[in-house]
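Please read the paragraphs below with the coordinates open beside them, so that each pairing and contact can be followed on the model.

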Amino acid sequence: MTAAALSLIPLAAWAARSWRARHAPAPTVRHLPYPRLDFPLEIAGSQYVPLNWAEIAGWNEDDHLAAYKAFRRSCKPIAALHSTLADDKALGSSLRDPCRLARETEISDPATARLFFERHFIPLQISRLGEDNGFVTGYYEPVLEGSRTQSDIYNVPVYRRPSNLFVRGYAQDAPNLPNKGPVYRKIGRRKLVPYYDRAQIEDGAIAGRGLEICWLKNQTDLLFAQIQGSARIHLENGSTIRINYDAHNGYPYTAVGRVLIDRGIIPREQMSMQKIREWMEQNPEAANDVRRQNRSYVFFREVQLSDKDEPVGAQGVPLTPGRSIAVDSALHVYGTPFFIEGELPIESAQAKTPFHRLMIAQDTGSAIVGPARADLYFGAGAEAGKVSGRLRHNMHFVMLVPKGLDPVARGRKMPLPDPRPSEQIAKLFPQNNAAKNEPNGPAKEQVKEQAKDQIKEQTQDQKAIAPVAPSTVAQATGAAPQVVPLPAPRPQEAPAAERPHQFRRSHRQ
């Protein structure tokens, strides 16, 4: 009976192990490499902080209906984009959902418009990495005088895009060319060289090719039209033509205002577009040299717009004065709302007018670079030019991100790191923990001194118990050293009998 009971013990243990194996939770299997998940919002060179709507200064005081109307204009080209079109920008195609709702919803009062943005977006304060604020300038549409034919008064040509202008990766007749990067012209059949710069074009490098849209009075008028990217030109017969940016010659933009500041001609605190124009009109010869420091040159296209229509921005929609901004198109998606808050010299050059307004990104410019950088559009005419020309100010930027791209919610889906090693492994490698727990300051020096004393004591103990060499004893006592006999040589064994060589088959029979 006892023997039978003892024989059942291994069987019972096996049954218990089998039950535990069946009912134990499945071990977590970590697949390598980790599965690629959507990471939170990433905008190069930027930092951003989620906010509550109540934390945004001036949010409730803005006219959100005006911003909503501008946003709906941006939604038409957003909806027309192909659904499979890849976009490597941070927002990607996430504006589709709020745009679909905006196009389906007619809103007629500011309060409802504000609720629309609060329900479908989350606010993020954004700035360049290491900075607290963004930076704004202003732009407008100049109104100039011109002629369809050249004369003694109107002798500065406004050129359309030349046929020999090439941008790698684009067809020559592409409707939209990039506003940055190298541009070439072809020599012969294959050779490409950089396109002509401003000085070469002003000296007649492309004259006589039938590229003239119209003629202006002076180079300063053309320069300001190129800086602003558009212009209204009143002709001698009373009609008006509208021109918009079409292409550039591939050279980086150099601000003539910066040249005048560096040369000590206009103090920094007095710099404005109006000051630049006044100085150039008073110093035409010196103005030629300053203007040519900006080697960039802009080509235009004529657009069919009436006097009542606003110019069309890079997104392809008419701009809204006071609501449209130009942003860095390499970082941001057209149609993105930005709430810009601070103080600007709107009423006069010395004024500090509170500015808290929801703006829509609908344009770009070669000088607009960075995550919190905007050019505010103020409309057409001389008054808009005065206001925009005064702006060079730091402002707070709040970017409105569609809720479908909530960076906080997406951050929760990121994979967690593997668990830390067990305590048993940590005990086997104490030097890792010792390095982490090493004290600093005076305590660190005290630990070092204690370690030195321990090493010294251990060395003395080892010397005390270690065998002393005969030569050392002889030197201490003065006696003749004793000869230590060498060990006997190892006997040589007879060679083992040769074994017959064995062959191994390389395949089975």
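A salt bridge, as the term is used here, is a side-chain nitrogen of Lys or Arg within 4 Å of a carboxyl oxygen of Asp or Glu. The model is a predicted one, and a search of the whole structure finds 19 such salt bridges. One of them joins the side chains of D246 and R161, with a distance of 3.1 Å from N to O. This pair links distant parts of the chain, since D246 belongs to strand β11 while R161 sits in the loop between β5 and β6 (165-166), 85 residues apart. With buried taken to mean under 20% relative accessible area, D246 counts as buried at 10%, and R161 is buried as well at 13%.

Six strands form an open sheet in the order β5-β9-β4-β10-β11-β12, and the pairing is mixed. Its edge strands are β5 (156-159) and β12 (298-303), each of which pairs on one side only. Neighbouring strands of this sheet are turned by 45° against each other on average, when direction is ignored. Strand β11 (residues 240-248) pairs with β12 in the antiparallel sense over six bridges, and in this pairing N244 stands opposite R301 of β12.

Elsewhere, strand β17 (residues 392-402) has several partners. Strand β2 (residues 121-128) runs antiparallel to β17 and is joined to it by five bridges, with L400 in β17 as the bridge partner of P123. Strand β3 (residues 134-141) is likewise antiparallel to β17, through four bridges, and here V136 has H393 as its bridge partner. Strand β14 (residues 337-344) also pairs with β17 in the antiparallel sense, over four bridges, and E341 stands opposite H396.

In soluble globular proteins, nonpolar side chains tend to be buried together. The largest nonpolar core of this model has 68 residues, of which F71, F117, I325, I340, L376 and F397 touch the most other members. Helix α2 (residues 64-80) supplies the largest share of this core, seven residues. Leaving aside neighbours within four places in sequence, F71 is in contact with residues including L95, P98, C99, A102, F116 and F117. Apart from this core lies another, of 29 residues, among them A231, L235, I241 and I243.

Helix α4 brings the account back to charged side chains. Side chains of opposite charge can pair when their charged atoms come close. R114 and E118, whose side chains meet in a salt bridge at 3.1 Å from N to O, both lie in α4, four residues apart, about one turn of the helix. R114 is partly exposed, with a relative accessible area of 23%, whereas E118 counts as buried at 17%.

A further salt bridge, at 3.6 Å from N to O, is formed by the side chains of K180 and D328. This pair also links distant parts of the chain, with K180 in the loop between β6 and β7 (184-187) and D328 in the loop between β13 (324-326) and β14, 148 residues apart. K180 is partly exposed, with a relative accessible area of 33%, while D328 counts as buried at 4%. Finally, R198, E202, D203, R291 and R292 are linked in a network of salt bridges.

Key
Residues numbered from 1 in each chain as written. Predicted model: local features only at pLDDT ≥ 70, side-chain atom pairs only at ≥ 80, totals over all residues. Heavy atoms only, no water. Pairing = 2+ DSSP bridges. Helix = DSSP H or I, 4+ residues; strand = E, 2+ residues; numbered from the N terminus. Axes fitted to C-alpha atoms, helices over the stretch in contact; angles between N-to-C directions. Core = buried A, V, L, I, M, F, W, Y, C linked by side-chain atoms within 4.5 Å. Buried < 20%, exposed > 50% of the residue type's maximum accessible area, 1.4 Å probe, protein only. Contact = heavy atoms within 4.5 Å.
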